[in-house]
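Here is a short briefing on a protein and its ligand.

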Amino acid sequence: MKEQQVWFITGCSSGFGHALAETALEHGERVVATARNPQQLNDLVLQYGTRILALPLDVTQSFDIQAAVSQAIATFGQIDVLVNNAGYGVFGAVEEVSDADIKQQFETNVYGSLNVTRAVLPHLRRQRSGHILNISSSGGFVGFAGAGIYCASKFALEGWSEALAKEVAPLGIRVTIVEPGAFRTAFNSALVSPDQAIEDYAATSGQMLQWLDQMNGQQPGDPKRAATAILQAVHHSAPPLRLLLGADVLDVVHAKLEAVAADLAAWKDISIDTAFEGLAVSAIGG
Ligand SMILES: NC(=O)c1ccc[n+]([C@@H]2O[C@H](COP(=O)([O-])OP(=O)(O)OC[C@H]3O[C@@H](n4cnc5c(N)ncnc54)[C@H](OP(=O)(O)O)[C@@H]3O)[C@@H](O)[C@H]2O)c1
């Protein structure tokens, strides 16, 4: 097992980020734990001293990103594991959500993680090693009614993560997309919902919001155990591109894979029959 790696984690004030920082520290790693308010990391700083560097980082602020990455390198000399964890959920039917809430969701969940990654990549390329973990969601693979905007942000995260994995594999850098199901964090309390619901969506989006409210504090997933699973993936010689966390997410991902396979099979002949007459079709991307 590789030991004493340097982790850089966003959104460490609570939930997965805090659990992951704590678990990595318990295992002897060094951690750059970042949060909008780094005072929320005082417990870890008191306990772990010089093995933790607590830094302010709002992932929507490019100045914060550059400053945090520079300070991490100046302090520990390297970054081995980047965890893009900071994020939250904008819920409600696609039609119900405000323009401002959609924009802010993408600023944080998509541009935030993208910009942190782009700031860290030059260091990983120079090292010819590193592991980037992007915290997605079951909603990064499956679209749920009442979660269209959140799902769009996590689908976007998964899109560039999959592409990046192929670009950086030859450079010794790994990428893992983490898809948690329902975990007991502050996520359900922090979610943003529409100011005004549209009655026509009560049975779809309205039901999702009700479920999120009822689940708050009852989620089956334990963030500490998720953190242990993530550490196992980081220390594995062949980490997966996708790491699913929770039996609930396994169920919905399998159901989607089966539904997609059934659609592809049922429409195969029509799908194929669309090229210019007589032209051979080669693989996308060459
Ligand atoms: N819990 C679940 O069931 C679940 C399931 C699937 C995926 N996820 C994903 O897991 C990740 C972590 O969420 P969580 O469940 O641990 O919820 P959480 O306890 O609410 O933690 C979210 C963290 O993200 C931070 N954050 C939000 N906006 C930020 C910004 N602009 N800059 C920096 N930090 C920001 C929060 O900081 P503040 O304290 O400053 O707000 C907090 O530290 C998210 O990406 C979420 O989408 C969660």
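**Ligand site and selected features**

A backbone N or O atom of Ala-186 lies 3.1 Å from an oxygen atom of the ligand, a polar contact (a pair of N or O atoms within 3.5 Å). The protein covers 90% of the 880 Å² of accessible area that the ligand has on its own; areas come from the Shrake-Rupley method with a 1.4 Å probe. This is a predicted model: local features need pLDDT of at least 70, side-chain atom pairs count only at pLDDT 80 or more, and totals for chains, interfaces and linings use all residues. Residues are numbered from 1 along each chain as its sequence is written, and side-chain values use heavy atoms, with hydrogens and water left out.

**Ligand contacts**
- A side-chain N or O atom of Asp-58 is 3.0 Å from a nitrogen atom of the ligand.
- Val-59 uses a backbone N or O atom, 3.0 Å from a ligand nitrogen atom.

**Pocket and shell**
- The ligand takes up the space of the largest pocket. On a 1 Å grid over the protein atoms alone, a pocket is an open set of points where a 1.4 Å probe fits, with protein on both sides within 12 Å along at least five of seven lines. A molecule sits in a pocket if more than half of its atoms lie within 2 Å of its grid points.
- The ligand is surrounded by 27 residues, each with a heavy atom within 4 Å. The closest are Ser-13, Ser-14, Arg-36, Tyr-150 and Thr-185.
- The shell divides into 12 nonpolar, 12 polar and three charged residues. Gly counts as polar here.

**Salt bridges**
- The whole structure has six salt bridges, each a side-chain nitrogen of Lys or Arg within 4 Å of a carboxyl oxygen of Asp or Glu.
- Glu-22 pairs with Lys-224 in one of them, with the closest N and O atoms 3.4 Å apart. Glu-22 is in helix α1 and Lys-224 in helix α8 (residues 223-235), so this pair ties together parts 202 residues apart in sequence. Helices are DSSP runs (H or I, at least four residues).

**Backbone**
- Arg-128 has a positive phi, near 60°.

Note on methods
A polar contact is a pair of N or O atoms within 3.5 Å; within protein, one must be able to donate a hydrogen and the other to accept it, and residues adjacent in sequence count only if both atoms are side-chain atoms. On a 1 Å grid over the protein atoms alone, a cavity is a set of points where a 1.4 Å probe fits but cannot get out, and a pocket is an open set with protein on both sides within 12 Å along at least five of seven lines; lining residues have an atom within 4 Å of a point. Helices (H or I, at least four residues) and strands (E, at least two) are DSSP runs, numbered from the N terminus.
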